[in-house]
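Please read the numbered points with the structure in view.

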Amino acid sequence: PVYINDIPYVDGGLSCNLPVDPYLKDTKKIVGVNVNPIVAYHNNLGFWGNLDRTLNLFVKESGMRHQEKCHILIEPKGLEKFYLFDSKHMNDMIEIAYTYVISHLNKEEILAKLAE
């Protein structure tokens, strides 16, 4: 947590990982991005793999309630090999997500959706 005036604050993603409600009255289009993929369960996940999967399930559930409110939802593939708090590989994760968006999303299709 971060303390401001002796009050502890934590990342809002813990309670709502896709906070779109404050923007629903706005006329701008909402683009949501989910970068927390759920790894399929298997017996070899181990303690840290199971913990990471559990945390991602929790985070995903909080955002799923809001996904349908997005005009566009982007879920880059390829991030499954990283743990939720894997800050050592942040540049690799950014590159994977960027490459996914550039190669999988049609610019004209996005513009058309945003124009609706």
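1. This is a predicted model. Setting aside residues up to four places away in sequence, H66 is in contact with C16, L18, V20 and D21. H66 itself belongs to helix α1. With a relative accessible area of 8%, under the 20% limit, H66 counts as buried.

2. Helix α1 covers residues 46-67. Its 22 residues should span 32 Å at 1.5 Å a residue, and the end C-alpha atoms are 30 Å apart, so the two values agree. The helix is bent by about 25° at E61.

3. Which residues of α1 are buried? They are G49, D52, N56, V59, K60, S62, G63 and H66. In general, an α-helix has 3.6 residues a turn, so residues three or four places apart point the same way.

4. One salt bridge is found in a search of the whole structure. It joins the side chains of K69 and D21, with 2.8 Å from N to O. K69 sits in the loop between α1 and β4 (72-74), and D21 in the loop between β2 (7-9) and β3 (31-33), so the pair ties together parts that are 48 residues apart in sequence.

Notes: Residues numbered from 1 in each chain as written. Predicted model: local features only at pLDDT ≥ 70, side-chain atom pairs only at ≥ 80, totals over all residues. Heavy atoms only, no water. Helix = DSSP H or I, 4+ residues; strand = E, 2+ residues; numbered from the N terminus. Expected span 1.5 Å × (residues − 1). Bend = angle between axes of the 7 residues up to and from the residue. Buried < 20%, exposed > 50% of the residue type's maximum accessible area, 1.4 Å probe, protein only. Salt bridge = Lys/Arg side-chain N within 4 Å of Asp/Glu carboxyl O. Contact = heavy atoms within 4.5 Å.
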